[in-house]
Amino acid sequence: MDTSAGSGRGLHLLRRVVAGSGIDPESALTDVDLDDPTGAAPRQDPAGDDLDPLRHVIRLPAREGSTVDWPEWVPTPLRTSLAERGVVRPWTHQASGASLVHSGTDVVVATGTASGKSLVYQLPVLAGLDSDPRATALYLAPTKALAADQLRALDGLAGPTVRQASFDGDTPMDERDWIRRHARWVFSNPDMLHRSLLPWHSRWARFLRRLRWIVVDECHTYRGVFGSHVALLLRRLLRVAARYGAHPVVVMASATVARPAEFASVLAGRDVTAVTDDGSPHGGRTVAFWEPPLLTEITGDNGAPVRRAAGAEAARMLADLVLEGARTLAFVRSRRAAELTALGARRQVAGVAPELADRIESYRGGYLPEERRALESALSSGELLGVATTNALELGVDISGLDSVVLAGFPGTRASFWQQAGRAGRESDEALVVLVARDDPLDTYLVHHPQALVGAPVESCVLDPVNPYVLAPQLACAAAELPLTTVDVETTFGGAPAEEVLDALVEDGVLRRRPGGWFWPDSGQRPAASVDIRGSGLGQVAVVEASTGRMLGTVDGSSAPGTVHSGAVYLHRGESYVVDELDLDAGVALVHAEEPDWRTESQSVSDVEVLEVSSKASYGPVEVCFGDVSVSSQVVGYRRRGPDGTVLDSTPLELPVQTLHTRSVWYTVDDDALAAAGVDPARVPGSLHAAEHAAIGLLPLFAICDRWDIGGLSTALHPDTGSPTVFVHDGHPGGAGLAERGHAVLARWLDATRTAVRDCECSTGCPSCVQSPKCGNGNSPLDKDGAVRVLDVVLDALGA
């Protein structure tokens with residue numbers, strides 16, 4: 001078999017990765033049928049112990065594309081320009097979707113990565129702007145990088161009368177006036193729409209009066225609280241546009257998601273037609289599932305076994321692939337990890353081929369605009385060979401010709417996994433995708449059960465536009481733009497739930513009620529400035545170097561107590577800083593440059609109060625509930641760990657309590673049933689605690705989230721239930737639909753949880769089953785065997 005290029009390229013790169021781990025690649029792939037796309041089980045010795053970290057290999061075949069003729073309405077100059085780019089004929093989904101948009105139909109195109117979704121809106125918008133010199137269009141992207149990339153894609157396609165322009169937070173003030181007066185296709189994001197365009201819509205009257213198309217790119221990212229804000233933001237936009245006489249067509253582009261028409265219709269607030277039959281080709285992929293080996297020299301909390309970190313494995317793989325000349329993205333889960341992974345790969349490459357070390361970089365949110373632009377340009381041109389990135393490069397930025405993608409941890413959803421994996425294999429050559437498991441229950445479950453990822457359908461996106469914590473600020477913003485009428489409330493903003501919220505706003509003095517509707521008091525202020533649509537409600541905290549006043553980046557206000565508290569280590573572009581002071585009121589964290597040989601992790605405490613029970617069902621000794629809760633949490637200290645993970649010391653902190661009103665699913669278990677299952681009173685706290693941790697780790701298998709979007713609490717006697725109780729709650733105000741989803745699939749969710757805990761090879765509990773990196777109690781007490789017994793009782797009662 002030719003493994004240097006073509007269909008064998010992915011396998012060739014996999015052999016390089018395996019060899020880099022110190023394992024003979026031919027031996028590691030002995031049991032893998034390289035011609036069978038279904039993959040193979042891991043190698044094991046007769047004793048049942050794993051011999052290498054390569055758990056499964058699955059080969060996905062290449063697919064040929066299907067083209068059709070250009071629709072008659074596409075102008076000849078546009079066809080010519082596209083042909084010069086190599087687009088001689090459109091793929092079937094491009095032509096059908098573009099024709100629907102051209103006819104005035106609201107459309108969502110939900111096809112795979114690199115399937116050319118952009119052409120679905122480019123064709124009708126460019127043709128329409130050409131035929132109607134007065135028409136305008138608005139493009140919205142979740143990130144500035146994506147909007148900038150799509151704007152660049154119009155170079156050579158758009159005629160001189162289109163006058164496309166970027167309108168985001170980096171746009172100079174003098175250019176904004178020109179854009180309002182003259183631009184016909186504006187590329188922006190929901191934040192600018194919320195904070196600038198809509199509050200000052202009278203300044204945009206000319207643009208809005210002629211608005212014919214609204215493009216919402218990567219719409220699958222608009223889920224949870226952020227998605228609920230954007231859904232209401234689009235309703236505000238359509239209402240204001242109608243005030244100026246415009247009724248634009250909505251065009252959405254999405255990664256492959258379940259029920260895209262249903263989701264897009266909720267997001268847009270009107271019926272949307274889905275285009276899902278993907279006619280584009282793609283190269284084959286070799287997908288490898290990798291579980292890092294256990295470390296013998298160190299142990300974790302309470303003596304638990306610890307695996308080699310996924311970030312360290314990803315850094316080593318990134319280095320090996322760069323040395324092989326493979327253009328590679330390594331996706332990691334945090335900003336800090338992006339920095340560390342790039343730094344580790346650079347050091348390893350420098351020892352072998354120093355001339356390649358500078359061709360490895362990190363990319364993440366929080367960089368300054370000029371830094372982002374330079375990195376995107378270097379990556380697109382091929383100047384950079386390897387990039388360690390957060391999901392900031394998951395979306396839209398057109399990166400072609402990549403040979404491989406390494407994922408340091410499951411990204412939280414199947415949709416995101418395929419979106420990230422799709423960054424490789426854009427050419428005819430087979431690409432390599434490696435999922436490196438973190439020491440985490442879900443990751444461990446997936447690398448041992450790959451059919452739960454490769455053979456399973458993608459998830460549905462969840463959003464709730466009538467979440468009162470989202471509705472209230474959005475209705476205030478809408479009333480400030482134009483007085484709200486009863487017709488608006490009934491047809492646009494959700495009816496009865498919106499009326500209840502409006503009544504509360506009137507009672508609180510935020511709005512005024514008049515016979516004609518609800519009005520914002522003319523105070524000269526705009527409420528949008530204080531409403532954070534990204535969901536935390538706490539804005540951003542600037543990270544500033546104290547000695548120079550230079551802003552290094554930003555962190556979200558809700559996560560600041562845990563990440564930039566006094567004494568925390570903060571990384572930026574490979575440089576280390578230590579936080580001197582965190583001022584939450586001023587939104588500033590002051591830091592100084594330092595290179596400590598330790599890292600920090602915060603510790604917190606929390607409590608849950610039941611506010612209202614929406615659903616309750618009894619199953620003998622088990623009671624299952626869903627409802628509203630109040631969660632109070634406080635970062636109370638941090639620990640310093642050495643390079644080998646050893647805890648050096650603990651330092652207390654005095655930070656304010658944060659209170660969250662959200663939704664939760666919870667279950668209680670009768671004391672007698674626990675005793676009958678062998679869980680005596682002394683073991684109950686640790687057993688419930690372990691079951692809670694594992695359930696939080698496995699919920700992302702059933703809901704689009706990760707464990708940082710949800711939280712939990714377990715107690716042997718909760719004051720509101722009077723029984724041993726396990727709570728799992730949403731981490732967002734008002735809820736994001738995650739706990740509700742958990743409630744709906746409780747038996748399947750807890751069954752997978754039991755499997756993950758029971759089948760883990762450790763004896764007393766480890767990060768792959770019941771330990772949690774976010775546990776404020778230092779993962780104590782935890783009783784792995786007791787957790788299995790608790791879950792057995794619950795599942796038996798549920799009849800699962």
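Predicted model: local features only at pLDDT ≥ 70, side-chain atom pairs only at ≥ 80, totals over all residues.
Residues are numbered from 1 along each chain as its sequence is written, and side-chain values use heavy atoms, with hydrogens and water left out.

Okay, the sheet. It's open and mixed, with seven strands in the order β1-β9-β16-β15-β12-β14-β13. Strands here are DSSP E runs of at least two residues, helices are H or I runs of at least four, and both are numbered from the N terminus. Two strands pair if DSSP finds at least two bridges between them. At the edges sit β1 (54–60) and β13 (360–363), each pairing on one side only.

Now look at β16. How many of its residues are buried? Six of the six, so β16 is largely enclosed by the rest of the structure; buried means under 20% relative accessible area with a 1.4 Å probe, protein chains only. Ala431, Val433 and Leu435 cover one side, and Leu432, Val434 and Val436 the other. In general, side chains in a regular strand alternate between the two faces of the sheet.

β16 pairs in parallel with β9 over six bridges, and Phe289 has Leu435 as its bridge partner there. With β15, the pairing is also parallel, over five bridges, and Val405 partners Val433.

Last, helix α1 (residues 9–20) packs on the sheet, touching β1, β9, β15 and β16. Contact means heavy atoms within 4.5 Å.

Technical notes:
Axes fitted to C-alpha atoms, helices over the stretch in contact; angles between N-to-C directions. Buried < 20%, exposed > 50% of the residue type's maximum accessible area, 1.4 Å probe, protein only.
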